[in-house]
Amino acid sequence: QVQLVESGGGLVQAGGSLRLSCAASGRTFMRYTMAWFRQAPGKERELVAAISWSGGSPSYADSVKGRFTISRDNSKNTVLLQMNSLKPEDTAVYHCAAKIVGGSEYNYWGQGTQVTVSS
């Protein structure tokens with residue numbers, strides 16, 4: 001199993017940047033595909049970005065392509081989400097999630113961190 005703790009959320013003006021961090025417990029971090037999801041009030045949860053166990057093949061939602069970058073450091077059991085050119089519509093609770101490599105569902109979730117972008 002893996003436990004996830006997010007940090008780095010906050011309030012920022014439109015056009016600004018934030019970097020979210022997800023710290024994972026356990027010795028088997030490399031066995032997991034990692035992702036960031038977000039959920040805004042009244043909206044469905046959205047997959048924002050995902051990254052493979054090796055750090056290759058990052059994928060992004062169309063809404064964040066070119067603005068967000070996901071990365072991981074397996075030596076530190078950490079996943080980052082660099083968010084640039086933030087827009088008010090990026091306002092949401094952001095969750096870090098993990099699924100075992102080859103698995104179909106994200107089974108492990110962090111508690112979430114609030115990101116608020118003011119116009």
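S57 is placed in the loop between strand 5 and strand 6, strands being DSSP runs of E with at least two residues, numbered from the N terminus. The model is predicted: local features need pLDDT of at least 70, side-chain atom pairs count only at pLDDT 80 or more, and totals for chains, interfaces and linings use all residues. Residues are numbered from 1 along each chain as its sequence is written, and side-chain values use heavy atoms, with hydrogens and water left out. This briefing covers loop residues, aromatic pairs, charges over rings and a surface patch.

**Loop residues**

- S57 has a phi near 55 degrees, a positive value in a residue other than glycine.
- With a relative accessible area of 64%, S57 is exposed (buried means under 20% relative accessible area, exposed over 50%, partly exposed in between, with a 1.4 Å probe and protein chains only).
- S52 is found in the loop between strand 5 (46–51) and strand 6 (59–60), and S52 is buried at a relative accessible area of 19%.
- Not counting residues up to four places away in sequence, S52 touches S57 and R72, where contact means heavy atoms within 4.5 Å.
- N77 also has a positive phi, of about 50 degrees, although N77 is not a glycine.
- The loop that holds N77 runs between strand 7 (68–73) and strand 8 (78–83), and N77 counts as buried at 17% relative accessibility.
- G8 occupies the loop between strand 1 (4–7) and strand 2 (10–13) and, at 34% relative accessibility, counts as partly exposed.
- Leaving aside neighbours within four places in sequence, G8 is in contact with L18, R19, L20 and T113.
- A separation of 20 Å lies between the C-alpha atoms of G8 and S75, which are 67 residues apart along the chain.

**Aromatic pairs**

- There are 3 aromatic pairs in the structure (rings of Phe, Tyr and Trp, the last by its six-membered ring, pair if their centres lie within 6.5 Å; planes under 30 degrees apart count as stacked, over 60 as edge-to-face and the rest as tilted).
- The Y32 and Y108 rings form an edge-to-face pair, because their centres are 5.8 Å apart and their planes stand at 85 degrees.
- Y32 belongs to strand 4 (residues 32–39) and Y108 to strand 10 (residues 108–109), so this pair ties together parts that are 76 residues apart in sequence.
- Y32 counts as buried at 5% relative accessibility, whereas Y108 counts as partly exposed at 23%.
- The pair of F37 and W109 is tilted, because the ring centres lie 4.8 Å apart with the planes at 55 degrees.
- This pair links distant parts of the chain, with F37 in strand 4 and W109 in strand 10, 72 residues apart.
- F37 is buried, with a relative accessible area of 10%, while W109 is partly exposed at 30%.
- One aromatic cluster is formed by F37, Y106 and W109.

**Charges over rings**

- R45 lies over the face of F37, at 5.5 Å from the ring centre (the criterion is NZ of Lys or CZ of Arg within 6 Å of the ring centre and within 35 degrees of the ring normal).
- The ring of F29 has the charged end of R72 over it, 4.4 Å from its centre.

**Loop residue M30**

- M30 lies in the loop between strand 3 (18–24) and strand 4.
- At 42% relative accessibility, M30 counts as partly exposed.

Technical notes. Helices (H or I, at least four residues) and strands (E, at least two) are DSSP runs, numbered from the N terminus.
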